[in-house]
Amino acid sequence: MPRFSVIVPAYKVQAYLHECLESVLSQSYADLELIAVDDRSPDACGEIIDEFAARDARVRAVHLPHNVGLGQARNAGLEHARGDYLLFLDSDDTLTPDALRAIADRLQDTGEPDVLVYDYASTYWTGEAVRNKFADQLDEEGPAPFRLADRPGLLRVLMVAWNKAYRREFVESVGLTFPPGYYEDTPWTYPALLAAKTLATLDRVCVHYRQRRRGNILSTTSRGHFDVFEQYDRVFAFVEQHPELAEWRPVLFRRMVDHLSTVFTKRDRLPRGSRAEFLRRARAHYRRYRVPGASVPLRSRLRHTLVHFGVHRTYRLLQVSMTVRRRTQKAASKLTRALRAAALQAHYRVQLRLPLRADRAVFAAYWGRGHGCNPGALEEAFRTFAPQVRTAWIARPEHQATVPPGPRHVRPGTAAYWTALARSKYLVNNVNFDRRLVKRPGQVFVQTQHGTPLKHMGLDLQERPAAARDMDFAALLDGVDKWDYVLSANRHTTLTWERVYPGRYETLEYGYPRNDVYQKATAADVARLRETLGIPRSAVAVLYAPTHRDYRRVQGSHLDLERVLRRLGPRFVILARAHYWQDAPLARRTPGVIDVTGHPSVEALCLASDALVTDYSSLMFDYANLDRPIVIHADDWEAYEAARGTYFDLRAFPPGAVARSEDELIDIFGTGHWRGSRSTQLRTAFRERFCAHDDGRAAERVVRRVVLGETELPAVVPLAERCPAASAAQTAAQAQSGRPPLATVPRPSGSRPVTDSH
């Protein structure tokens, strides 16, 4: 018995059928049967199906004696299906590569649900592909499987049969079949979702939904569109037969009204002279299925008025007036913004003509997110080693609270902002400033960057369109041309920056200022930070900080943190920090999991923790300076490397133990391997390669070189002589035994390459 039965009905699609069938048979997951139904197509569809059946035993050809339509053709395919799960695919659409493997994995992970809903992208004849706009409803976060009542937003996803996998036994028990006529998906999908006791979602594009230039049946003018009324009769009849589903009547009613109004307002669907008849029938359905007292969303009230009263001329008038009003408001708002922007730019041009202020420096980080990272450490160093320079910090209003006393607060886009950019001698950022920045003679731009690169950056992204997205590489190089100094923490970073960001700047391989705190913090600082975070004194605090995935639209944790904690026991606490591009936390509120996504200082979190768990985040290079255990969770390395590209195989040269699954991660902590001698040896080699300059005085070196013009800078403290801040676990163990619990091992002999081959 195959895992999947993929049912493909075919009628007048000879130009697309080959690609459709090939997309199924070429799947990396091969446990399937392909049931291709020739709906008495007058073209070559039947012959194409027979050719595929002759060459692949997984193809079952079904030829119908006469044309019955899409729904009935699917039913014919159902009669031959033997798979555990049923999938439907229209004959002009295609499965994406590896879609069935992803579906199979998700079904297994979620306990074999009745229905799995996956994503799709509309593909146009122009070559454009647009992902489903309601894809956020397919978020995989939270409990799974679930019932529709837990996530009713799933009803907003396109109600079609081909974006779901159905457990065959469930379909047979409910008695689901497709009716004849247009909109045959409606009385299949609604009952399927309502009746399913277990649902799950897959946040992955599995189907390319072809938008044909001509020939789409729903875009043709026909009385067949009147079938929509009978289809909703079938939906409500199903609800009547199942009284436990009565609570869904208001939702189904609203969906029906939206659907009927859409059919009516699409001018290419109803034949001339039939619109009044359609509206009369719509009014009858409105009265028949309306639920008294049920609320109607504000955005839908105009549509409901149209269907309820049949006032299509009034509806058209209101629609036109609302469109005019919306466009007028949009134009007025656009004009206001343009006038304000022009005034600010005029102000900026005036400021550019005034003298530079040699005693001024302006700082920013992460596009105005707040005080921190390398610029934050440098701003403090400016005030310490060059107090004659007055500093200002650019931060958006919601991040102003993170700016400490000392620097002047500046908000982006204000007159003060443009004044600071025009007249400050020193410009410091870990990304670029506004692209309209004019670099004046005498200004000094210090580009601090924000990490050691594992993933591809800069010009290397030209070969990674999924990661580059809409990056303007010409604008990128224009920004690089404004840099005077670029900071680097190690030789690997230096060589990478100079290649992927080619320019005339000078590289300062002094270490990263943000890492200075790791050498300066004390045990008292660590204890204070743990107390403010609510970490129990005897707990082992694990900082979990995954990075962003370019190949995923919805980000989230690759670990079930609740399950990990249950397996590790009450001694452990997890500090869960989502990437700064992710708004949602990594886990729900759970005892033992502390959400630190909004904490302003990742350095403070590192100091408070006893170990780091990450995947491919550059945080590992900084954390290694603490000489504390690091565990790499690399469960999707191949996908990440394919989408983003990496400069070396982290699994071959890790900073500690490597887990390729959640169970392996649990085992690494359960056996103590996370802090064993082998992990220590790996970390030592990693530190030798990437932490050579981070001795606690990087910020001082930068200020002395850039601001004070000194050439004799403080010598770098060798790794063996450094004393990074001890973790709470190390401090406690040392107090009991009189020696550090994580003893260092001899450094590996032999030379290390300065950078890996690409």
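In which sense do S18 and S19 pair, and over how many bridges? The legends below answer this and describe further close-up views of a predicted model.

**View 1. Strands S18 and S19 lie side by side in the sheet.** The two strands, S18 and S19, pair in the parallel sense, and 3 bridges link them. One point of contact involves alanine 576, whose bridge partner in S19 is aspartate 595. S19 covers residues 593–595 and is an edge strand, pairing on one side only.

**View 2. An open sheet of 6 strands contains S17, S18 and S19.** The strands follow the order S19-S18-S17-S20-S21-S22, and their pairing is parallel. At the two edges stand strand S19 (593–595) and strand S22 (657–659), each of which pairs on one side only. From one strand to the next, the twist averages 25°.

**View 3. Strand S18 (residues 572–576) joins S17 through 5 bridges.** These two strands run parallel. Valine 542 has isoleucine 574 of S18 as its bridge partner, while alanine 541 stands opposite valine 573 in S18.

**View 4. Strand S18 is mostly covered, with 5 of its 5 residues buried.** In a regular strand, side chains alternate between the two faces of the sheet. In S18, Phe572, Ile574 and Ala576 point one way, whereas Val573 and Leu575 point the other way. The residues on both sides are buried.

**View 5. The largest cavity has a volume of about 90 Å³.** A search of the whole structure finds 3 cavities of 30 Å³ or more. The lining of the largest cavity consists of Val542, Tyr544, Leu559, Leu561, Val564, Leu568, Ile574, Val613, Leu665 and Phe669. Strand S17 (540–544), helix H19 (561–568) and helix H23 (662–670) are the elements that each give two or more residues to this lining. What does H19 give to the lining? H19 gives the most, with 3 residues. By class, the lining has 10 nonpolar residues, no polar residues and no charged residues. Valine 542 and isoleucine 574, both in this lining, are also bridge partners.

View 6. Glutamine 447 has valine 486 in S15 as its bridge partner.

**View 7. Helix H4 spans residues 99–109.** Which residues of this helix are buried? They are Ala99, Leu100, Ala102, Ile103, Ala104, Arg106 and Leu107. An α-helix has 3.6 residues a turn, so residues three or four places apart point the same way. After H4 comes glycine 111, whose phi is positive, near 75°.

**View 8. Cysteine 20 and cysteine 45 are both buried.** Why does cysteine 20 count as buried? Cysteine 20 counts as buried because its relative accessibility is 0%, and the cut-off for buried is under 20%. Cysteine 45 likewise counts as buried because its relative accessibility is 0%. The count of disulfides in the model comes to 0, where a disulfide requires a pair of cysteine sulfur atoms within 2.5 Å.

Methods
Residues are numbered from 1 along each chain as its sequence is written. This is a predicted model: local features need pLDDT of at least 70, side-chain atom pairs count only at pLDDT 80 or more; totals for chains, interfaces and linings use all residues. Side-chain values use heavy atoms; hydrogens and water are left out. On a 1 Å grid over the protein atoms alone, a cavity is a set of points where a 1.4 Å probe fits but cannot get out, and a pocket is an open set with protein on both sides within 12 Å along at least five of seven lines; lining residues have an atom within 4 Å of a point. Grid points are joined across faces, edges and corners, and a volume is the space filled by probe spheres set on the points. Helices (H or I, at least four residues) and strands (E, at least two) are DSSP runs, numbered from the N terminus. Ala, Val, Leu, Ile, Met, Phe, Trp, Tyr, Cys and Pro count as nonpolar, Asp, Glu, Lys and Arg as charged, and the others, Gly among them, as polar. Buried means under 20% relative accessible area, exposed over 50%, partly exposed in between (1.4 Å probe, protein chains only). Two strands pair if DSSP finds at least two bridges between them. Axes are lines fitted to C-alpha atoms, for helices over the stretch in contact, and angles run from 0 to 180 degrees between N-to-C directions.
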